[in-house]
Amino acid sequence: MSPICWKSLLGVTLIALAPCAATTATAFTACQVTDTGGIDDNSFNQTAWKGVLDAQEALGIEGRFLESQAETDYDANINSLIGGQCDIIFTIGFLLGDATEKAARANPDQPFSIVDFAYDPAIPNVLGQVYATDEAAFLAGYLAAGMTETKILGTFGGINIPPVTIFMDGFVRGVDHWNAEKGDSVVVLGWDVETREGLFTNNFDNLDDGRAFAQNLYDEGADIVLPVAGPVGLGSATLADELGTDKLKIIGVDADLYFTDTERQHVYLTSITKRMDSTVAQVIEATMNGDFAGGLLVGTLENGGVDIAPFHDMDASVPDDLKAELEALRAGIIDGSIPVDG
């Protein structure tokens, strides 16, 4: 019987639920299928692709990608890579879950890794990459509650699916923690943790929707908005740029948008980051070393898989005592003394 693999790479734990499968460590090719946001979405597709590029530079691999223009492209794009010399195929996003499962079960010798999704029970040739983004979003919610002037915050999502709403859950609960600690009454518009209802654009690509949703939240009094909608959030950033950051600030998601949205970098108070670049690169390295196994990889605050970005241009406006409270909060989340799940 083949041994069960367990490995920790650069601080992120891979929990293997299937036997090791050796792959060739030379002429290695990593392939990626995006969701409809595209490879340059300033969000999770682009961040995951950066992991391939980092591995290309560090490990000498080759990288290929296919962009999905519509959800109907998912099956075709994945299947077109089967038998195409892809040592591992990365599929990016919750919405590719069904297509990935279908292809993986039909091709059990082909290693897959899906970002923002995992299977229970595990599929032997698929490694799911998931992220405890509610931990980082909790910090962002506490920060926003400490920074708002109007005592009203706003959030909206792209689609009502778990990889989106986990940000919104953590954000709201971080605000609730601020209110409990400070006896305050900051409110969050756009998401109800209990009813699971809120504001959603129902797409990840329409910047006009991002602007319109942020405008509506601003009109209702929100002075800080968290868009959890990939490139849609860039429309919200455009509005903040026009209004001025004294009226509206934005919290980014997935990547540190200060660096990816350089024309509007000054509007970002922080970003809730998912280090998909790091985890993708680690999966590539493990696969090259013959240590690929289906199962689960979880990014957390503790292992650096999630975090909040530096405050950059707004650093001087964040009070020192609030920064200290955030560090104490981080420690409490990591040691389990402060729960983020209600």
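A disulfide is a pair of cysteine sulfur atoms within 2.5 Å. In this predicted model, a search of the whole structure finds one such link, along with 17 salt bridges. The points below cover the disulfide and some of the salt bridges.

**Disulfide**

- C31 and C86 are joined by a disulfide, with an S to S distance of 2.0 Å.
- The pair links distant parts of the chain, 55 residues apart: C31 lies in strand 3 (residues 29–33), and C86 lies in the loop between helix 2 (74–81) and strand 5 (88–92).
- The link of C31 and C86 is left-handed, with -85° about the S-S bond.
- Both cysteines, C31 and C86, are buried.

**Salt bridges around D277**

- D277 forms a salt bridge with K50 through their side chains, at 3.4 Å from N to O.
- This pair links distant parts of the chain, with D277 in helix 9 (residues 276–288) and K50 in helix 1 (residues 44–59), 227 residues apart.
- The side chain of D277 also meets that of R275 in a salt bridge, at 3.0 Å from N to O.
- D277 is buried, because its relative accessible area is 7%, whereas K50 counts as partly exposed at 39% and R275 is partly exposed at 36%.
- A network of salt bridges links K50, D54, R275 and D277.

**Salt bridge of D315 and K323**

- The side chains of D315 and K323 form a salt bridge, at 3.1 Å from N to O.
- D315 is partly exposed, with a relative accessible area of 34%, and K323 is partly exposed, with a relative accessible area of 21%.

Conventions: Residues numbered from 1 in each chain as written. Predicted model: local features only at pLDDT ≥ 70, side-chain atom pairs only at ≥ 80, totals over all residues. Heavy atoms only, no water. Helix = DSSP H or I, 4+ residues; strand = E, 2+ residues; numbered from the N terminus. Buried < 20%, exposed > 50% of the residue type's maximum accessible area, 1.4 Å probe, protein only. Salt bridge = Lys/Arg side-chain N within 4 Å of Asp/Glu carboxyl O.
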